[in-house]
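Here is a short briefing for a first look at this protein chain. Keep the sequence and the 3D view side by side as you read.

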Amino acid sequence: MQPPATPQRTDPRSFAVRAVMMLFQLVVPMGIAAVTIFDEGEFAGRIAYAVPFIAAIILFNVAVAYLQWTRLTYTVGEADIRVESGLLSRAARSVPYERIQDVSLEQKLLPRLFGLVEVKFETGAGGKEDLALTYLSEAEGERLRELVRERREGEAPAMADAVPAEALPEAAPLFAMDGKRVLTFGLFEFSLAVVAVIGGLAQQFEFLLPFDLWDIDGWQERLTGPGQWLAGLGPLAQVVGILMALASLSLVGFATGIVRTALREWDFRLDRTAKGLRRRRGLLTRTDLVMPVHRVQALRVETGFLRRLFGWHSLKVVSLASDSGAANHEAVPFGQMDEIAPVVAETGFALPPQDTSWMRAMDRYRFDKIVLAAIVLLPATIAAIFIADSVQWLIPAGILGVTVVHNWWRWRHDRHAIDARQIYSLHGWFSPSLAIGSRVKLQSVEILQGPIARRRGYASLLLGLAGGNLRVHGMPVERAREWRAGILDSIGRTDFSELVEAQVDARAA
């Protein structure tokens, strides 16, 4: 019988990181308070009186961070991991190993400077149900991750025997993105989020601005001079001014996309390890995640309207380690299909072959959707012709026209197929998406029929996954029942223990 596990504390440097973070959180409120409370003439004279108060706050934060560190312990037991915390009131959380879906490491900027990582234990419930340890050293975090995974799979090596992945020689990555690829990716991530954020901040802190943000008359006075000057240059100059304004917004959008992408995807690297696919990425916040291959239930290959013109796609993994908040793990965020194919093969899946027998949804399914939209929008269009002013009736009429074109296009391009191992669902025309599901790893198979579908003889097939759903719409009822029976037969004839062992042996080889 092994002695009981001893509670351990996190890295001693954790309390220093927490203290600095708490101070950063105080900087903005204290700055706003200083500007709003003190007048311009009083600020310099009274700041000296505030220094002792600020110093007391700093010391108090350091003391609280230290006490929190001393009262936070974790215990790695034989059957579970237990975390206890709290100063005035104690809280204890115990998570059995079988409930832990995955263990990931995350490094934000400040902990990274101290060589620390946050260890996250994903239970599949998401949100506050997950468990996290902040912070451990990089070596300790990697070793704890390997230990928890081994015990979850039924083995129990000693802590000293768990070999960090960093200690092993690294082979060539399955997929990686250098700086040039990340910047190219950022160009396709066009975003005007910065403009929206600046507008929101201006609205929240308009009391600090020297003018009223929503004073229309004031804005007209400010723009009167430039507006008259621009009007005097003629229509061509006005068009040039509008184009320059649009170019400025586009520049902001592209810059925002590049920055956001660089922060998230910098130094992206995907490796094949004995435990699965290991993904590392991030500039300021570095994440280290392993996606166990034997838990992969489905894949999603996606692209965008402009990306597909240049052959760029993304690959996402849907696995049992996913929760509702992060249903898909990105394995290849931005790559060509010849780069995605080897990663798909490593997961045990395959892209649809050239001779795949694709099937469309029933034409009556799309026709019924158009009719339902017309029932709502056509009366609205007729009413707008007689009631609304000008050409406002074009709004519901335009929506109806778009609905008709959209459903016709979807009927032409949406496809689904099945073979001996996998299910395929191709949908979307503006941003096409291909879902590939395993016939033996699905959690449920359900046939859905509304009142109209029952009368018209079609159905939707809902395939349950841990990270969401895989739907096939507009199938003939007979085909839906045939698919369900075949998928349930595949699940029933599969010994999942042998499946996992075979994948483990393949990784070892």
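Buried means under 20% relative accessible area, exposed means over 50%, and partly exposed lies in between (1.4 Å probe, protein chains only). At 35% relative accessibility, Arg13 counts as partly exposed.

This is a predicted model: local features need pLDDT of at least 70, side-chain atom pairs count only at pLDDT 80 or more, and totals for chains, interfaces and linings use all residues. Residues are numbered from 1 along each chain as its sequence is written, and side-chain values use heavy atoms, with hydrogens and water left out.

**The chain as a whole**

- The chain holds 14 helices and 20 strands. Both are DSSP runs, numbered from the N terminus: helices are H or I with at least four residues, strands are E with at least two.
- Of its 509 residues, 37% count as buried.
- Accessible areas come from the Shrake-Rupley method with a 1.4 Å probe; for residues, only the protein chains shown count as cover.
- Among contacts with a separation of 6 or more, 56% join residues 24 or more positions apart. A contact means heavy atoms within 4.5 Å.

**An open sheet and its helix**

- Four strands form an open sheet in the order E1-E2-E3-E4, with antiparallel pairing. Two strands pair if DSSP finds at least two bridges between them.
- Strands E1 (8-9) and E4 (91-96) stand at the edges with a single partner strand each, so one side of each has no neighbour in the sheet.
- Strand E2 (residues 73-76) and strand E3 (residues 80-85) are joined by 4 bridges. Thr73 has Glu84 as its bridge partner in E3.
- Helix H4 (residues 138-152) lies across E1 and E2, and runs at about 40° to E2. Axes are lines fitted to C-alpha atoms, for helices over the stretch in contact, and angles run from 0 to 180 degrees between N-to-C directions.

**Salt bridges**

- A salt bridge is a side-chain nitrogen of Lys or Arg within 4 Å of a carboxyl oxygen of Asp or Glu. By this rule there are 25 salt bridges.
- Asp11 and Arg13 meet in one of them, at 2.8 Å from N to O. Asp11 is buried, at 13% relative accessible area.
- Arg145 forms another with Asp288, with the closest N and O atoms 3.3 Å apart. Arg145 lies in helix H4 and Asp288 in strand E11 (residues 286-291), so the pair ties together parts 143 residues apart in sequence. Both Arg145 and Asp288 are buried.
- Arg280 pairs with Asp271, the closest N and O atoms being 2.7 Å apart. Both of these residues are buried.
- A network of salt bridges links Glu189, Arg264, Glu265, Arg281, Arg307 and Glu330.

**Around Ser104**

- Ser104 lies in strand E5 (residues 102-107). Ser104 is buried, with a relative accessible area of 8%.
- Beyond its neighbours within four places in sequence, Ser104 is in contact with residues including Glu118, Lys120, Arg145 and Asp288.

**A nonpolar surface patch**

- Leu187, Phe190, Leu192, Val239, Ile242, Leu243, Leu246, Leu249 and Phe254 form a nonpolar patch on the surface, together about 800 Å² of accessible area. Patches are made of residues with over 30% relative accessible area and no salt bridge; like charges are joined within 9 Å, nonpolar side chains (Val, Leu, Ile, Met, Phe, Trp, Tyr) within 5 Å.
- Helix H8 (residues 235-265) gives the largest share of the patch, 6 residues.
- Val239 lies in helix H8. Val239 is partly exposed, at 45% relative accessible area.
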